[in-house]
Amino acid sequence: SNAFFTKEFMDHGQLALTPQVQNWPAWAHPRSFAVQGTQLVPASFLGLPIYYGFVGKVFGSSVIPWFAGLIALGGIISFYHFQKLFFSTRIAQLSTLLLVVQPMYVFYISRPYWHNGSFVSLLIIAAFLFSEAIMKPSIVRYFVAGLGFGFALAFRTSEILWLAPALIAISLVVKRKIRVTMIQYFFLGLIVPMIPVAYFQYQTYHQTVLGAYGTLGNSAFSQTSSSTISKIFQ
């Protein structure tokens, strides 16, 4: 699905496809696809096909697996430097080695069109950048840290349900080191990567809050009395 819609975005600049078959049954579609009206749309998060598609438009589709590999490499390097902030160089080296050979991490980062590997790598990068911003505060560092979390959430938006409480908890622990005057630049960076996602989500699903992931076509959309918050948790 991600590979298909990445190519669709590269070729046509959209994430919806009208099947060239008359009277096709709406239930007949591949896994990870969903039906919106008469169109096939992604049944998952839009960040990956949007950003991979943009890279493919600029550099060609053959670059996309390498781009995913660079994200994974960035996650590994960031993990090493993140460990060095708290532990000795030797522990950081051993920890990073264990990450590199960790079976599930290797499994997911070796599949560029799956969200999980890139999401975890981007989250590790964001954690390192966030730590750097707290320890060496500057407008640029706070903004870049926000960018890191924004790109991670673009790839797996539903993870905000645990990431937001985790960030709040961490911020409370280190509140004395956080520059309150620079928090706005963190949120600005956080929003920037989500703007294209929100735009194409509206173009695809005609709303910007809920995507198709696990909800399109079921009771979460059909129950108009449900609040937006309850729909998100559904």
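## Terms and basis of the model

A residue is called buried when its relative accessible area is under 20%, exposed when that area is over 50%, and partly exposed in between, with a 1.4 Å probe and protein chains only. The structure is a predicted model, in which local features need pLDDT of at least 70 and side-chain atom pairs count only at pLDDT 80 or more, while totals for chains, interfaces and linings use all residues. Residues are numbered from 1 along each chain as its sequence is written, and side-chain values use heavy atoms, with hydrogens and water left out.

Helices (H or I, at least four residues) and strands (E, at least two) are DSSP runs numbered from the N terminus.

Helix α1 covers residues 2-12, and its buried residues are Asn2, Phe5, Thr6, Glu8, Phe9 and Met10. These buried residues pack against the strands β1 (33-36) and β2 (39-42) and against the helices α2 (47-59), α3 (64-84), α6 and α10 (194-205). After α1 comes Gly13, with a positive phi near 70 degrees.

Pro49 lies in helix α2 and, with a relative accessible area of 1%, is buried. Apart from its neighbours within four places in sequence, Pro49 is in contact (heavy atoms within 4.5 Å) with Asn2, Phe5, Thr6, Phe9 and Leu15. The C-alpha atoms of Pro49 and Met10 are separated by 8.9 Å, although these residues are 39 residues apart along the chain.

## Packing of α6 with α8

Helix α6 (residues 115-135) packs with helix α8 (residues 160-173) at an angle of about 20 degrees, and their axes are 13 Å apart; axes here are lines fitted to C-alpha atoms, for helices over the stretch in contact, and angles run from 0 to 180 degrees between N-to-C directions. That angle makes α6 roughly parallel to α8, a term used for angles under 35 degrees.

The contact is made by Phe119, Leu123 and Phe130 of α6 together with Trp162, Leu163, Leu167, Ile170 and Ser171 of α8. By class, the residues of this contact are seven nonpolar, one polar and no charged, where Ala, Val, Leu, Ile, Met, Phe, Trp, Tyr, Cys and Pro count as nonpolar, Asp, Glu, Lys and Arg as charged, and the others, Gly among them, as polar.

## Packing of α7 with α9

The axes of α7 and helix α9 (residues 183-191) come within 6 Å and cross at roughly 35 degrees. The residues of α7 that make the contact include Tyr142, Phe143, Phe149 and Leu153, and those of α9 include Ile183, Tyr185, Phe186 and Leu190. The contact of α7 with α9 has 12 nonpolar, three polar and no charged residues.

## Aromatic pairs

Rings of Phe, Tyr and Trp (its six-membered ring) pair if their centres lie within 6.5 Å, and a pair is edge-to-face if the planes are over 60 degrees apart; by this rule there are 17 aromatic pairs. Tyr52 and Tyr113 form an edge-to-face pair, 6.0 Å centre to centre with 75 degrees between the planes. Tyr52 lies in helix α2 and Tyr113 in the loop between α5 (103-109) and α6, so the pair ties together parts that are 61 residues apart in sequence. Tyr52 is buried at 0% relative accessibility, whereas Tyr113 is partly exposed at 24%.

Phe130 and Phe149 also form an edge-to-face pair, with 6.0 Å centre to centre and 85 degrees between the planes. This pair links Phe130 in helix α6 with Phe149 in helix α7 (residues 139-155), 19 residues apart. Phe130 counts as buried at 10% relative accessibility, and Phe149 is buried with a relative accessible area of 6%.

Notes
Parallel < 35°, antiparallel > 145°, perpendicular 65-115°, else oblique. Phe/Tyr/Trp six-rings, centres within 6.5 Å; stacked < 30°, edge-to-face > 60°.
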